[in-house]
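Let me put the structure up on the screen, and then I'll talk you through some helix packing, some aromatic rings and a couple of loops.

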Amino acid sequence: MQPRNMSMSGVVDLAAVKAAQEAKSKAEQARAEAARQGGGGAVSPADLVIDVDEAGFESEVLQRSTEVPVVIDFWAEWCQPCKQLSPVLERLAVEYNGKFVLAKIDVDANQMLMQQFGIQGIPAVFAVVAGQALPLFQGAAPEQQIRATLDQLVQVAEERFGLTGLVVDPDAESGAPVEAAAPQIPAGPYDHLLEAAVRALDAGDFGGAVQAYKNVLSDDPGNTEAKLGLAQAELLQRVQGADPQDVRKAAAENPGDARAQIAAADLDLVGGHVEDAFGRLIDTVRRTAGDDRDAVRLRLLELFEVVGGDDPRVAAARRSLARALF
């Protein structure tokens, strides 16, 4: 079974192009459809922690993630760190009161899911938001770190996808259908411009998408969705028409050529190789100076915007960049 509509490269799936916008649209459509069919009311605290297997992954995780973030705890009975981490996650799922659902997956019984997520060791914790997978952390992390990660997840889910969680009623019976808590929100003043940008991306008109996002940002410089979309559209515009073989050959033959490494890093990121793109540019920062070094640094910051500042790979790359610069 291959989970559908799921990115393994983070909330922003560049290989699928504009996945953040598409995922948000799909999430809104799914919630609207659920509302038309009628909801079953609030969920009980017991419904916030569920056991999931391969057969139920699509309905219990992918479909549910259009209504609420789903945090996945990959564990096994023989794993001692898992026995430390799992109770903390279960307690926090109840404490966060419907902001996310915890799905527990036994890797011994679900080897295919473990392989599909590329898990090398357990415990491993992922999140799925509007069908998009995001690695959170591996190992029995301290509770303070877990809370900080969950806070970021909840914020991203709400700001990018409009997922505000579930209504939890302590008196509700376990097994009640899940219903999103958020009411219908009127269209914002920039929705038509953002939709125009998505349509341009659908048509391969990356220049048009860039302009549409800039139109939003000219009036609302802090618009998160427009900033993310602009960074994506500009990246796709840069790689449009590039010959990957020529770009990679030039980069391999000229490791100190800032322009060649920047072009290759763009291709790395579009292909979903996030850490390769970051590592390439950080290495180039170390090898260059002056204007070349500054150009590489600025492109790396642009790529951070594409992936999203909440992604742990961005945080790690920022630390590496600081070491390379100073």
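So, to start: is the crossing of α10 and α11 left-handed or right-handed? The crossing of α10 and α11 is left-handed, and by that I mean the near helix is turned anticlockwise from the far one by less than a right angle, with clockwise being right-handed.

Quick housekeeping before I go on. This is a predicted model, so local features need pLDDT of at least 70 and side-chain atom pairs count only at pLDDT 80 or more, while totals for chains, interfaces and linings use all residues. Residues are numbered from 1 along each chain as its sequence is written, and side-chain values use heavy atoms, with hydrogens and water left out.

Back to that helix pair. Helix α10 is residues 258-270 and helix α11 is residues 274-287; helices here are DSSP runs of H or I, at least four residues, strands are runs of E, at least two, and both are numbered from the N terminus. The axes of α10 and α11 come within 7 Å and cross at roughly 165 degrees. Axes are lines fitted to C-alpha atoms, for helices over the stretch in contact, and angles run from 0 to 180 degrees between N-to-C directions. That makes α10 roughly antiparallel to α11 (over 145 degrees; under 35 is roughly parallel, 65 to 115 roughly perpendicular, the rest oblique). On the α10 side, the contact (heavy atoms within 4.5 Å) is made by A258, Q261, I262, A264, A265, D268 and L269. From α11 you get V274, D276, A277, R280, L281 and T284. By class, that's eight nonpolar, two polar and three charged residues. For the classes, Ala, Val, Leu, Ile, Met, Phe, Trp, Tyr, Cys and Pro count as nonpolar, Asp, Glu, Lys and Arg as charged, and the others, Gly among them, as polar.

Now another helix pair: α7, residues 206-219, packs with α8, residues 224-239, at about 155 degrees, axes 9 Å apart. α7 and α8 are therefore roughly antiparallel, and α7 passes α8 in a left-handed crossing. Among the α7 residues in the contact are F206, Y213 and L217, and the α8 ones include L230, A233 and L236. This contact has ten nonpolar, three polar and four charged residues.

On to the rings. How many aromatic pairs does a search of the whole structure find? Six, where rings of Phe, Tyr and Trp (its six-membered ring) pair if their centres lie within 6.5 Å, and planes under 30 degrees apart are stacked, over 60 edge-to-face, the rest tilted. One of them is F117 with F126, edge-to-face, 5.0 Å centre to centre with 75 degrees between the planes. Both F117 and F126 are buried (under 20% relative accessible area; exposed is over 50%, partly exposed in between, with a 1.4 Å probe and protein chains only). F117 and F126 also sit in one aromatic cluster with F57 and F74.

Then there's F278 with F304: centres 5.0 Å apart, planes at 85 degrees, so edge-to-face again. F278 is in α11 and F304 in α12, residues 290-307, 26 residues apart. F278 counts as buried at 2% relative accessibility, F304 at 1%.

Last, the loops. N110 lies between β3 and α4, and at 4% relative accessibility it counts as buried. Leaving out residues up to four places away in sequence, N110 touches V52, D53, E54 and I105. G139 is in the loop between β5 and α5, and with that same exclusion it touches L85 and P123.
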